[in-house]
Amino acid sequence: MHPELLTIGPRGRRLCLSLACVLDEALRLAVFDRGYELDPGKGTSLHRAMAFSPGSTQEEMDAARAAEAARAIPTVGDVARLLEQVDLPAGGAAPTRVAEALVESVSTAMYWQAPHGEDILAGHQELDHGLARIATWLAPHVPDWWIAPMAPEQWAVSWWGHDPREGKSPNLAEWRKQTLAEEHRAATLRRKNRVEYPKEGWSPTPGLRPAEIDAPISGEWWSFPDGVDSTRAIDGVPAGLDLTEDAGDDQARAFEVQVPAGARVLEIDHPQVWADLCRSHPLEVTDSRRHDWYRVTGRDGRWVIPDWAAVAERHDAVHLTTAAYLAGATRPLPVDDHSATMIAGWGPDATHWLTSVQVGAPRAWTFDQDTDRWLPN
């Protein structure tokens with residue numbers, strides 16, 4: 001794996017920073033402090049609090065709060081210097097630590113709101129040298145499956161009782177029709193709602209598409225059609241159990257997907273492959289996604305995603321390698337001089353099926369808090 005794939009995208013940079021924090025406590029505390037200061041939710045959706053041991057006196061608590069208030073908060077430059085000084089073990093990173101850093105990077109990915117403070121911090125150019133150092137140290141030791149093509153054994157993970165066997169066959173022509181209809185609807189409503197939008201809060205109003213790019217409006221933000229998604233198993237555990245953004249449950253089911261013989265799988269092993277796919281099969285989604293993707297990327301412009309109905313004429317599935325996910329997800333990818341795209345909602349090693357697949361009986365899994373692992377029921 002080329003080290004650059006770990007530093008050109010927000011997910012890879014977050015992974016490298018998280019891994020470095022495990023190796024150096026001073027860096028971890030500095031990232032925590034500066035990340036909080038940079039977080040858009042500071043003081044609103046995100047608060048810092050102090051905990052005191054039982055029996056603490058009022059004087060002790062007041063003194064601790066005063067000391068905290070007077071404490072100097074590390075700057076981005078301070079974090080950069082600490083990052084460059086992290087002692088890197090000669091034998092590489094422990095596999096469990098790498099796995100934990102990948103999970104953290106996935107769990108903190110945002111596609112509909114501004115990035116977390118730690119992501120903003122990891123994106124600062126002042127950290128480039130330190131993150132490149134971490135990436136160069138890590139790259140020779142990443143698991144082989146991070147750069148491998150789709151595995152022959154695939155598992156679809158479901159949450160909250162969802163059953164992929166109940167899904168209909170992908171109707172991508174209908175998906176394209178509905179996507180274009182929503183785009184037209186959003187463009188029309190954008191012209192009609194230039195002023196009439198809430199000044200504060202998040203609006204669930206279905207038809208509201210104000211012209212203001214920073215309006216608090218959300219809509220569709222993902223860049224894939226309905227269908228079955230699957231991953232490989234790592235040491236017998238379906239990867240999708242851990243590598244799913246916003247899963248939010250300790251109970252899940254995994255279904256084995258029967259990979260069709262001779263399946264034509266498009267391998268997205270670099271962000272450029274995704275951008276090329278959008279260039280050859282573009283589907284514009286500017287008006288339906290502009291508010292969400294602006295919050296994520298700060299970009300206001302034309303957006304496209306792949307026309308999956310056209311892609312399905314030559315491919316049965318699309319596989320996103322973990323390396324390509326780390327390099328490409330949650331950032332704008334240039335398609336041409338006027339357009340960009342985003343890998344939104346995909347997870348590492350995700351395979352999205354564009355054709356019907358057979359799905360086997362479910363196997364129940366429970367996350368065990370004591371061992372910090374998923375265990376089969």
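Predicted model: local features only at pLDDT ≥ 70, side-chain atom pairs only at ≥ 80, totals over all residues.
Biologist: What does alanine 317 touch, leaving out residues up to four places away in sequence?

Modeller: Its contacts are Arg264, Val265, Leu266, Thr351, His352, Trp353 and Leu354. As for aspartate 287, 30 residues apart from alanine 317 along the chain, the two C-alpha atoms are separated by 27 Å.

Biologist: How do you know that β9 and β12 are paired?

Modeller: Two strands pair if there are at least two bridges between them. Strand β9 (residues 317-320) and strand β12 (residues 351-353) are joined by three bridges and run antiparallel, so they count as a pair. Histidine 319, for instance, stands opposite threonine 351 in β12.

Biologist: Which strands make up the sheet that holds β9 and β12, and in what order?

Modeller: The order is β2-β12-β9-β6, an open sheet of four strands with mixed pairing.

Biologist: What makes β2 and β6 edge strands?

Modeller: Each of them, β2 (229-230) and β6 (265-268), pairs on one side only.

Biologist: On to the sheet with β8. What makes β7 and β10 edge strands there?

Modeller: That open sheet has four strands in the order β7-β8-β11-β10, again with mixed pairing. β7 (282-284) and β10 (333-334) have a single partner strand each, so one side of each is left without a neighbour in the sheet.

Biologist: Why are α1 and α7 called roughly perpendicular?

Modeller: Angles of 65 to 115 degrees count as roughly perpendicular. The axes of helix α1 (residues 10-23) and helix α7 (residues 128-138) cross at roughly 85° and come within 9 Å, so the pair falls in that range and is called roughly perpendicular.

Biologist: Which residues make that contact?

Modeller: From α1 they are Arg13, Leu15, Cys16, Leu17, Leu19, Ala20 and Leu23, and from α7 they are Asp128, Leu131, Ile134, Ala135, Trp137 and Leu138. They divide into eleven nonpolar, no polar and two charged.

Biologist: Serine 18 is in helix α1 as well. Why does serine 18 count as buried?

Modeller: The limit is under 20% relative accessible area. Serine 18 comes in at 9%, so it counts as buried. Leaving aside neighbours within four places in sequence, serine 18 is in contact with Ala101 and Glu104.

Biologist: Which residues touch the most other members of the largest nonpolar core?

Modeller: The core has 73 residues, and the ones in question are Tyr111, Leu127, Leu138, Trp146 and Trp308. Helix α1 gives the most to this core, with six residues. Leucine 127 has, among its contacts beyond four places in sequence, Arg13, Leu17 and Val76.

Biologist: How do you know that β13 pairs with β5 and with β14?

Modeller: Go back to the requirement of at least two bridges. Strand β5 (residues 251-258) and strand β13 (residues 358-368) have seven, in the antiparallel sense. β13 and strand β14 (residues 373-376) have four, also antiparallel. Both counts meet the requirement, so both are pairs. Alanine 252 is partnered by tryptophan 365 in β13, and threonine 366 by leucine 375 in β14.

Biologist: What makes the phi of aspartate 372 worth a look?

Modeller: Most residues other than glycine have a negative phi. Aspartate 372, in the loop between β13 and β14, has a positive phi near 60°.

Biologist: Where does aspartate 349 lie, and why is it called buried?

Modeller: Aspartate 349 is in the loop between β11 and β12. Its relative accessibility is 0%, so it counts as buried. Its phi is positive too, near 65°.

Note on methods. Residues numbered from 1 in each chain as written. Heavy atoms only, no water. Helix = DSSP H or I, 4+ residues; strand = E, 2+ residues; numbered from the N terminus. Axes fitted to C-alpha atoms, helices over the stretch in contact; angles between N-to-C directions. Parallel < 35°, antiparallel > 145°, perpendicular 65-115°, else oblique. Contact = heavy atoms within 4.5 Å. Nonpolar A, V, L, I, M, F, W, Y, C, P; charged D, E, K, R; others polar. Core = buried A, V, L, I, M, F, W, Y, C linked by side-chain atoms within 4.5 Å. Buried < 20%, exposed > 50% of the residue type's maximum accessible area, 1.4 Å probe, protein only.
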